[in-house]
Amino acid sequence: MRSVNDQLAIVLDAAPTPEPIRVSIADALGLMCAEEVTSSRSQPGFAQAVVDGYAVRAVDVGGGVALGAKMDAQHAPSLPVVGEVEAGSRKPLRLQPRQAVRVATGAPLPTLADAVLPLEWTDRGRKRVTATRAVRSGDFVRREGDDVQPGDLVVRAGTVLGPAQIGLLAAAGRDKVLVSPRPRVAVMSFGLELVDIDRDPGLGNVYDVTSYALTAAAREAGADAQRVGIINAEPRKLKETIATQLARSEMVVIAGAVGGSGAMAVQQVLAELGEVDTTRVAMHPGSVQGFGLMGTERTPAFLLPSNPAAALVIFETIIRPAIRRSLGKQEPKRRAVQARSLGPIQSIPGRRGFIRARLMRDMETGDYLVQALGGPQGPPAHLLAGFADANAIIELPEEVSEVRPGDIVDVIFLQQR
């Protein structure tokens with residue numbers, strides 16, 4: 001029986017690394033940047049008002065005192081308002097000493113203005129404005145180049161592009177960026193008992209649940225996943241379908257291809273397309289699984305059991321890290337924490353246990369607490385409903401067969417809900 005670490009090492013070693021592609025920054029969220037991006041311009045390209053108010057010289061409105069200091073009513077400066085500038089205005093204005101120009105948020109500041117006096121700190125005059133509080137030079141002003149200056153490195157290669165990075169790319173004037181693309185993953189199911197969800201299952205039939213669950217898991221992992229659905233059992237059509245998906249995908253996932261006599265038909269076809277290794281891995285659930293490199297492109301193919309809960313555990317443990325590695329992630333595994341078990345847990349000796357669970361936080365101590373949702377105190381491991389309630393997986397080492405309440409265990413975060 002192969003260890004989980006050995007199986008994962010084999011899979012990660014074969015994980016594809018698609019060539020970088022250039023995409024619109026609108027489509028780049030969550031992808032890894034594959035180039036060093038520098039700015040060729042300033043952002044903003046001009047000094048602009050941060051609030052609605054009056055562009056002034058700070059020295060004319062008490063610039064030597066603290067920001068927001070109240071003015072003595074008898075000595076409050078009153079300045080003539082000599083113009084108005086809206087956001088987007090291209091008409092340059094020049095401010096003379098002891099003058100004010102009314103400005104809107106985002107408007108360019110007139111020449112010589114070095115501060116904006118907020119409306120709330122004035123009498124809101126139209127022809128003359130009286131300041132009730134003081135501002136200093138630079139207050140309520142976004143200076144030219146405050147965010148980005150020409151030559152600045154705005155996004156490094158290897159950075160995962162989040163909202164802030166997308167914004168910086170836009171600030172640098174970039175509409176496209178070179179990224180590591182999402183690997184294309186084809187997901188299909190095999191089984192004579194399967195029917196799709198648009199049909200009523202008859203006696204002996206069950207819905208094809210697993211391919212839907214696996215496709216969603218692949219997309220959540222960052223892949224460009226396509227659900228192929230139930231594949232025809234006739235050998236020629238079976239081979240044609242699998243060969244087509246091998247040619248157009250970076251990874252192929254086939255549920256129902258291990259366990260039971262029916263899976264032999266899939267494995268015989270796969271043996272004609274490349275190397276396939278069906279083995280037992282020292283884990284539960286999902287011990288029986290397969291992996292191979294197939295087709296002319298030696299595309300990684302994963303063979304999973306038909307049971308959706310077991311298939312999802314294998315996906316989380318083996319396939320998801322491969323997808324993350326293909327996306328360029330140096331650490332392909334999810335974050336793990338240590339938590340105190342709230343109840344007893346039993347595991348199979350000699351196998352690494354992956355038990356779905358609910359992770360919580362003690363509000364007083366900040367400690368993590370975890371409640372197993374499977375095993376003796378919960379639903380059987382093969383049921384999918386318990387998986388839907390989980391936000392974490394407890395990972396128990398091969399040598400641990402029993403956990404007592406209060407014991408510390410390793411817990412893997414699933415998608416945050």
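Guide: Let's take α6, which lies across β13, β17, β20 and β21 and runs at about 170 degrees to β21. Before going on, note that this is a predicted model, where local features need pLDDT of at least 70, side-chain atom pairs count only at pLDDT 80 or more, and totals for chains, interfaces and linings use all residues. Residues are numbered from 1 along each chain as its sequence is written, and side-chain values use heavy atoms, with hydrogens and water left out. Helices (H or I, at least four residues) and strands (E, at least two) are DSSP runs numbered from the N terminus; angles run from 0 to 180 degrees between N-to-C directions, with axes fitted to C-alpha atoms, for helices over the stretch in contact.

The sheet under discussion is open, with six strands in the order β16-β13-β17-β21-β20-β18 and mixed pairing. Within this sheet, β20 (residues 288-294) and β21 (residues 299-304) pair antiparallel over five bridges (pairing takes at least two DSSP bridges).

Helix α6 also meets helix α1 (residues 4-14): their axes come within 9 Å and cross at roughly 35 degrees. On the α6 side, the contact (heavy atoms within 4.5 Å) is made by Thr 317, Ile 318, Pro 321, Ala 322 and Arg 325, and on the α1 side by Val 4, Gln 7, Leu 8, Val 11 and Leu 12.

Now zoom in on Glu 316, which sits in α6 (residues 308-326). Glu 316 counts as buried because its relative accessibility is 15% (buried means under 20%, with a 1.4 Å probe and protein chains only). Beyond neighbours within four places in sequence, Glu 316 touches Pro 321, Arg 334, Ile 393 and Leu 414.

Notes:
Buried < 20%, exposed > 50% of the residue type's maximum accessible area, 1.4 Å probe, protein only.
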